[in-house]
Amino acid sequence: MSSDADRIVIIGGGVIGLSAALAAVESGHHVTVIDPAIENYAEGSGASWMAGGMLAPVTEAWFGEEARLALDITALQAWPTFATKISHTAGQELLISRAGTIQIALDIDDARDLERVRTFQNSMGLKAEALSRDQLLDIEPLLSPQVVAGSLISTDLSVDNRALVNTLRLACAHSGVEFIPQEVTSMNQLADRVTVVRTAAGDFPCDEIVIAAGAWSSHILKMVNTDSENEIPVIRPIRGEILRLKSEITAFRHTLRAHVHGFHVYLVPRTNGEVVVGATQFERGFDARPTAGGVYELLRDATELLPYVKEMEFLEARVGLRPGSPDNAPIIDRVPGVSNVILATGHYRNGILLTSIVGDLVSALLDHRDLPASASLVSLNRFSGVTR
Ligand SMILES: Cc1cc2nc3c(=O)[nH]c(=O)nc-3n(C[C@H](O)[C@H](O)[C@H](O)COP(=O)(O)OP(=O)(O)OC[C@H]3O[C@@H](n4cnc5c(N)ncnc54)[C@H](O)[C@@H]3O)c2cc1C
């Protein structure tokens, strides 16, 4: 790193901030990540620590969201190379599960919906195979006998999101990224440039800043005087309760997803016996306390799908705050009205998936390069008339 390298301050050390930091340091910049949770994620409410870790664009493909699907598929395809690369830099292996996902219908109406979605997935060139009840029970014998039909999505992957955070952090540390376990409280600005990022522990001079503070990104953006006609969209927190259980036996191998009692439920198996059950989804500000009702619904629905859930050890119930933009698609762009601020946020339900490509996109912006056409969706141009 040369002594006149740009000083990049990244605010937020979740998967988005860390992958941006790694790409920036590899491009020769001097990089500092500031985040109060960076030394103990378990104490924060950052979404990256709480997530399910599904890399599942095909399962999540939905009518009318073709542009987002294309970006998500690009991210899925980038994942194996990305995992190998960060494992190598970190000196520890990040495993990805290739077992795939099974979408399950528990009644005839769900089975019809599943068929409709499968037709759509296939029409987009995505692989989704129909499974009969017998085939489902053959593949996953501990599923409820109530299952009616399913779809096998063999191309979707999953990753232990906490292992991802740890691997990224280690890769950043080995590459020379500096970590500051503090909250950003304000900024100094000279005309259209942020010159200093301030914390209770000191000031950090900067040439560029990247706001990657997830659901808190609008709080940070309010510290910047953009003096701009262009309005910046609000990022809102969308809470998700999520459980971690532990199974003594390999109760299932695929990620299981279903629609039960009107709610979506998923179970993601980890190689160490942990099982992630998620997730509720609603908006209640920054409240990150799990509710009895949320935990009850998740356990009720998961048990209906896989009765063996009742035998598992209960490890944890937590809430993560998903960062949602007005259209729930990510924002990775330079902030108008100020010359050195980049926004990398709004990854909502897919931030773990998109981690494989976010670093390169932020790095392109830092180096004043255009983003690839496949990433046109992430530009701020798509919004108008929305205030921060
Ligand atoms: C229950 C749940 C399940 C999910 N499942 C999946 C999934 O299966 N697959 C998938 O792809 N995605 C999933 N997601 C979404 C994914 O977790 C998020 O999109 C992603 O983690 C967002 O990462 P981030 O780095 O932007 O935000 P975060 O991980 O929230 O990180 C933001 C960081 O900013 C820091 N910060 C806040 N204020 C300040 C400040 N003033 N100064 C400095 N730092 C600050 C916080 O401490 C935090 O660490 C899930 C999310 C939830 C909640």
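Reader: Let's start with H4. How many residues has it, and how far does it reach from first C-alpha to last?
Author: Helix H4, residues 108-123, has 16 residues and reaches 23 Å from its first C-alpha to its last. That is close to the 22 Å expected at 1.5 Å a residue. Bear in mind that this is a predicted model.

Reader: Which residues of H4 are buried?
Author: Leu114, Arg118 and Gln121 are buried. They cover an arc of only 60° around the axis, which puts them on the same side of H4.

Reader: And what covers them?
Author: The cover over the buried residues of H4 includes S5, strand S6 (129-132) and strand S7 (149-153).

Reader: Which residues are exposed on the other side of H4?
Author: Ile108, Asp109, Arg116, Thr119 and Ser123 are exposed there.

Reader: What happens just after H4?
Author: Glycine 125 takes a positive phi of about 80° there.

Reader: OK, over to H8. What span should its 14 residues have?
Author: They should span 20 Å at 1.5 Å a residue. The end C-alpha atoms of H8 (residues 292-305) are 20 Å apart, which agrees.

Reader: Which of its residues are buried?
Author: In H8, the buried ones are Gly294, Leu298, Asp301, Ala302 and Leu305. Seen down the axis of H8, they fall within an arc of 100°, so they line one face of the helix.

Reader: What do the buried residues of H8 pack against?
Author: Strands. They pack against S5 (101-105), S14 (236-246), S15 (255-260), S16 (263-269) and S17 (274-278).

Reader: And which exposed residues sit on the face turned away?
Author: Ala292, Gly293 and Tyr296 are the exposed residues carried by that face of H8.

Reader: Zooming out. What does the domain assignment give?
Author: The assignment gives domain 1 as 7-50 + 163-233 + 326-382, and domain 2 as 99-157 + 236-324. Their C-alpha centres lie 31 Å apart.

Reader: How many residues does the contact take from each domain?
Author: Twelve residues come from domain 1 and twelve residues from domain 2. On the side of domain 1 that touches domain 2, the residues divide into four nonpolar, seven polar and one charged.

Reader: Where does the ligand lie relative to the domains?
Author: Domain 1 and domain 2 both give residues to the shell around the ligand, so the ligand lies between them.

Reader: How many residues surround the ligand, and which are the closest?
Author: 43 residues surround the ligand. The closest are Gly14, Gly214, Gly240, Gly320 and Gly351.

Reader: Which elements give two or more residues to that shell?
Author: Helix H1 (15-26), helix H2 (47-50), S14, strand S18 (313-324) and helix H9 (351-366).

Reader: How do the shell residues divide?
Author: Into 22 nonpolar, 17 polar and four charged.

Reader: How far apart are alanine 173 and valine 197?
Author: They are 24 residues apart in sequence and 21 Å apart in space, C-alpha to C-alpha.

Conventions: Residues are numbered from 1 along each chain as its sequence is written. This is a predicted model: local features need pLDDT of at least 70, side-chain atom pairs count only at pLDDT 80 or more; totals for chains, interfaces and linings use all residues. Helices (H or I, at least four residues) and strands (E, at least two) are DSSP runs, numbered from the N terminus. The expected span of a helix is 1.5 Å times one less than its number of residues. A residue is buried if 20 or more other C-beta atoms lie within 10 Å of its own, exposed if 12 or fewer, and partly exposed in between; C-beta atoms are placed from the backbone. The arc is that of the directions from the helix axis to the C-beta atoms. Two residues are in contact if their C-beta atoms, placed from the backbone, lie within 7 Å. Domain bounds come from an automatic or database domain assignment. Ala, Val, Leu, Ile, Met, Phe, Trp, Tyr, Cys and Pro count as nonpolar, Asp, Glu, Lys and Arg as charged, and the others, Gly among them, as polar. A residue is near a molecule or strand if its C-beta atom, placed from the backbone, lies within 6 Å of it.
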